[in-house]
Amino acid sequence: MNSLTSIASNRLIEQGRKAAVMLKITELSKLILLPFIGIAIFLVMWTVTANSIETSLGKFPGPVAVVEQFENLYSEHVAEREKAQAFYQRQDERNAARTANDPNYVAKIRGYTGKETFWDQIITSLITVMSGFLLAAIIAIPLGIWMGLSRSLQAAINPIIQIFKPVSPLAWLPLVTMVVSAVYVSPDPIVSKSFINSMLTVTLCSVWPMIINTAIGVSSIDSDLINVSKVLRLSAITHVQKIVLPASIPMIFTGMRLSLGVAWMVLIAAEMLAQNPGLGKFVWDEFQNGSSDSLARIMAAVVVIGFIGFLLDRGILALQHWVSWDK
Amino acid sequence: MNWTATLAQQIIRPLLLGMSIGASICISPALAEVGYPEKEELKFGFIKLTDMAPIAIAYEKGYFEEEGLYVSIEAQANWKVLLDGVIDGRLDGAHMLAGQPIAATIGYGTKAHIITPFSMDLNGNAITVSNDVWAKMKPHIAKQADGFPVHPIKADSLKPVVDEFKAAGKPFNMGMVFPVSTHNYELRYWLAAGGIHPGFYAPHKGDTSGQIDAQALLSVTPPPQMPSTLEAGTINGYCVGEPWNQQAVFKGIGVPVVTDYEIWKDNPEKVFGITAEFAEKYPNTTIRLTRALIRAAKWLDDNNNGNRPEAVKILSQSNYVGADYEVIANSMTGTFEYEKGDKRAVPDFNVFFRHNATYPYYSDAIWYLTQMRRWGQIEQDQSDEWYKDVAAKVYRPDIYAKAAQSLIDDKLIPATAFPDFSKETGFKAPQTHFIDNLTYDGNQPNAYINSFVIGLKQGDKL
């Protein structure tokens with residue numbers, strides 16, 4: 001009997017092990033294989049459809065054409081960097097020559113005047129979106145917390161938020177542009193007007209989801225926690241620090257994720273419309289150029305825009321894990 | 001200069017430095033004459049058209065840098081944005097339609113005192129119609145022995161098509177790039193010469209559509225969007241600069257029927273516009289940028305257009321015009337393709353320097369003013385003197401002459417390449433070579449205005 005049970009139990013264990021291995025394999029395949037298959041099918045479908053779409057600029061670009069353009073964009077970037085280096089060298093020489101002739105001359109180094117490469121545009125877009133988003137966060141989170149704590153403030157501000165939240169960036173942009181050019185006047189500006197324009201448009205559009213989510217997060221804190229705070233007679237600041245913030249972090253981050261998604265989408269549209277430097281301008285310029293490579297280059301930009309959007313979202317998630325370490 | 005970057009810089013640099021100091025001592029007399037630029041960092045705007053070439057070439061060939069100017073060049077969305085940029089100081093100067101500085105100075109549209117020390121090119125535009133319209137025009141056009149139509153094609157052959165549209169109750173729409181653009185006046189000139197009324201403006205009544213009494217309705221479309229607007233069927237034809245006519249041929253969506261060279265041989269096209277304030281505040285900078293542009297224009301026409309392929313390569317970069325090499329080359333290298341396969345030699349389709357193309361003639365400015373009066377943009381009669389005064393306010397051959405003289409003194413360009421500045425009056429001899437065979441004398445604008453069959457004449461008021 002004993003041996004029988006042991007055999008049975010061995011079998012069970014064996015089966016269990018097998019099942020576990022199978023589970024791991026299916027899990028792995030879910031993690032790697034399925035997305036891989038999905039992407040492969042997408043690429044095939046893309047190639048097939050692209051081949052059958054004939055535009056006045058030639059065939060719609062397939063994956064191969066896009067990869068080719070990535071290579072082109074990279075080599076253009078390298079070439080431009082070399083030109084920039086030569087530019088700085090010529091400038092040094094010219095400055096030296098002039099100082100030799102004209103001792104009063106205060107030589108200065110000017111930035112490279114050549115074109116912005118694709119890589120530069122990506123960096124510009126990232127800087128703009130992060131500045132606009134941070135500005136929005138600086139406004140939205142304190143305001144949201146305050147609103148969550150005070151019912152009357154919430155009642156007062158809520159209608160305004162609800163009305164402004166669905167406004168498209170394209171509607172804000174002309175207003176922002178005019179106001180910025182009227183107010184931001186300086187003979188030697190630190191940052192360019194176009195940067196301020198894009199940044200403020202991003203802020204205006206991405207501030208709302210953060211306010212709303214923060215306010216909801218704060219107002220729905222467990223009443224037990226609030227009672228604890230009351231019993232301990234925590235000061236307002238400590239109350240916010242020790243009770244409100246930790247408890248509402250998940251909601252704040254949900255708002256931030258939503259906002260950053262909006263910010264990234266808005267930025268591309270704003271850059272396109274206002275001709276502000278960045279990926280949006282890159283897309284618009286290529287559309288205007290109407291060369292046979294234009295569509296492939298735009299598609300390359302689309303892929304990059306999507307990828308960066310995804311990375312930004314992951315970035316916020318990672319930040320959330322890092323901030324709420326205690327959970 | 002690319003090779004310098006790759007070579008061992010530490011060794012080369014001091015060497016080059018010594019050389020450049022030596023060089024600057026050699027040319028110091030000229031520097032003393034013109035003086036260092038007061039403003040060194042400049043931003044210029046342009047519209048994606050091949051005739052922006054002098055700016056791109058002055059940059060790429062280092063002519064701006066040799067003047068001590070650090071110029072960045074930025075494409076603009078449309079002519080209005082560009083003009084506003086120059087007026088509000090976002091741009092220091094720009095590639096402009098010849099009519100823009102004039103209109104701005106007399107206050108048609110945005111009022112601002114814009115001047116031009118440099119005329120950028122001659123010719124370079126064409127009128128394109130959609131395939132449908134072309135098919136309907138063709139039976140009315142005489143054919144050559146090889147089966148292709150006889151050029152120049154007059155709007156007489158378009159008239160039956162416009163009448164057909166009218167009979168069917170459909171509007172005949174055409175695109176041009178800006179109300180005071182060369183293209184607007186050329187398109188109007190061509191249509192009116194063929195008996196098609198392009199419509200009047202009446203700004204004093206608040207009507208700036210330019211469609212009063214019109215048989216063909218003209219509206220504004222930015223140059224790079226012309227082909228796609230034609231393709232969408234919103235317009236039936238357009239007048240625009242290159243490469244957007246050749247683009248229509250390549251895309252197979254339309255047929256260029258006439259170039260502006262055939263409408264008015266060697267007509268002045270774009271100019272380089274800056275504000276009067278800029279020229280006053282930064283006189284040396286103004287002369288220096290004019291010098292660089294003159295050198296670039298000369299380079300473009302040197303060796304009998306021999307540098308053009310290189311220029312086309314530069315222009316096809318995405319930050320300049322950005323269209324395909326072949327499309328830009330089609331018109332820039334002295335040919336022009338009308339119907340697909342009908343490629344003809346038009347060596348003067350784009351003129352940047354020869355025929356004194358860069359000299360800002362008063363008579364050119366006055367021609368634009370006469371057309372503004374003809375179509376009602378200038379709502380009332382003005383004296384011949386008024387026309388000349390306005391021209392002298394906007395066109396500044398004095399600045400051009402200073403820049404050219406310094407180039408002659410520096411032995412960079414021979415004096416023979418320029419008009420004789422001691423005798424030049426700024427008025428071209430009466431010009432013929434118009435598609436309707438009229439003669440234009442810049443000294444008598446009112447007489448010229450009265451000579452048109454279609455158009456406002458002296459004493460007319462809408």
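Begin by selecting A:Ser229, which counts as partly exposed because it has 19 C-beta neighbours inside 10 Å (buried requires 20 or more other C-beta atoms within 10 Å of the residue's own, exposed 12 or fewer, and partly exposed lies in between, with C-beta atoms placed from the backbone). The model is predicted: local features need pLDDT of at least 70 and side-chain atom pairs count only at pLDDT 80 or more, while totals for chains, interfaces and linings use all residues. Residues are numbered from 1 along each chain as its sequence is written, with chains lettered from A and ligands numbered from 1 in the order in which they are written.

A:Ser229 belongs to helix α7 (residues 223-232) of chain A; helices (H or I, at least four residues) and strands (E, at least two) are DSSP runs, numbered from the N terminus. Beyond its neighbours within four places in sequence, A:Ser229 is in contact (C-beta atoms, placed from the backbone, within 7 Å) with A:Leu234, A:His239 and A:Ile243.

Move to chain B, where 5 strands form an open sheet of mixed pairing in the order β2-β1-β3-β13-β4; two strands pair if DSSP finds at least two bridges between them. The edge strands of chain B, β2 (70-75) and β4 (114-119), each pair on one side only.

Select strand β1 (residues 41-46) of chain B, which runs parallel to β2(B) and is joined to β2(B) by 6 bridges. Here B:Phe46 stands opposite B:Ala75 in β2(B).

Methods
Two residues are in contact if their C-beta atoms, placed from the backbone, lie within 7 Å.
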